[in-house]
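Open the model in your viewer and keep the sequence panel beside it. The stops below go from the whole chain to single residues.

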Amino acid sequence: GGNFYENNVQLGRQDGDFGGILINKGNGDFDFTPHDGDKIKGQIRKVVPLRKGTETLFIIGRNNEPITVIECKSE
């Protein structure tokens, strides 16, 4: 998911992207798709995909934050 703030002093924070999605095409090949909605901030701990017809919803759990749901339409 991204972002981990509790590292020791030598390593510092690990900040990720604000909502890009990597689509695994197989054989080590990925497509990057920017998420064009609101920025997803915070320490993401779990991302669960959920199929809804031809769409995929991603349920995102973050530390001390409300659950976030983003929707991706299949092409």
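Strands here are DSSP runs of E with at least two residues, helices are runs of H or I with at least four residues, and both are numbered from the N terminus. This is a predicted model, where local features need pLDDT of at least 70, side-chain atom pairs count only at pLDDT 80 or more, and totals for chains, interfaces and linings use all residues. Residues are numbered from 1 along each chain as its sequence is written, and side-chain values use heavy atoms, with hydrogens and water left out.

**Whole chain**

Start with a cartoon view.

Switch to a surface. The chain exposes about 5,900 Å² (Shrake-Rupley method, 1.4 Å probe). Carbon and sulfur atoms supply 51% of that area. Now colour by burial: buried means under 20% relative accessible area, exposed over 50%, and partly exposed in between, with a 1.4 Å probe and protein chains only. Of the 75 residues in the chain, 21% are buried.

Next, contacts, meaning heavy atoms within 4.5 Å. Take those with a separation of 6 or more: residues 24 or more positions apart account for 18% of them.

**First hairpin**

Select S1 (20-26) and S2 (29-34). The two strands run antiparallel, joined by six bridges. Strands pair if DSSP finds at least two bridges between them. Pick asparagine 24 and look across to S2: phenylalanine 30 stands opposite. While side chains are on display, recall that in a regular strand they alternate between the two faces of the sheet.

Move to the turn. Two residues lie between the strands of this hairpin, and asparagine 27 takes a positive phi near 55° there. Asparagine 27 is not a glycine, yet has that positive phi. Is asparagine 27 buried or exposed? It counts as exposed because its relative accessibility is 87%.

Select glycine 42, in the loop between S2 and strand S3 (44-52). Glycine 42 counts as buried, because its relative accessibility is 16%.

Go on to asparagine 64. Its loop lies between strand S4 (55-62) and strand S5 (68-73). Asparagine 64 has a positive phi of about 50°, although it is not a glycine. With 79% relative accessibility, asparagine 64 counts as exposed.
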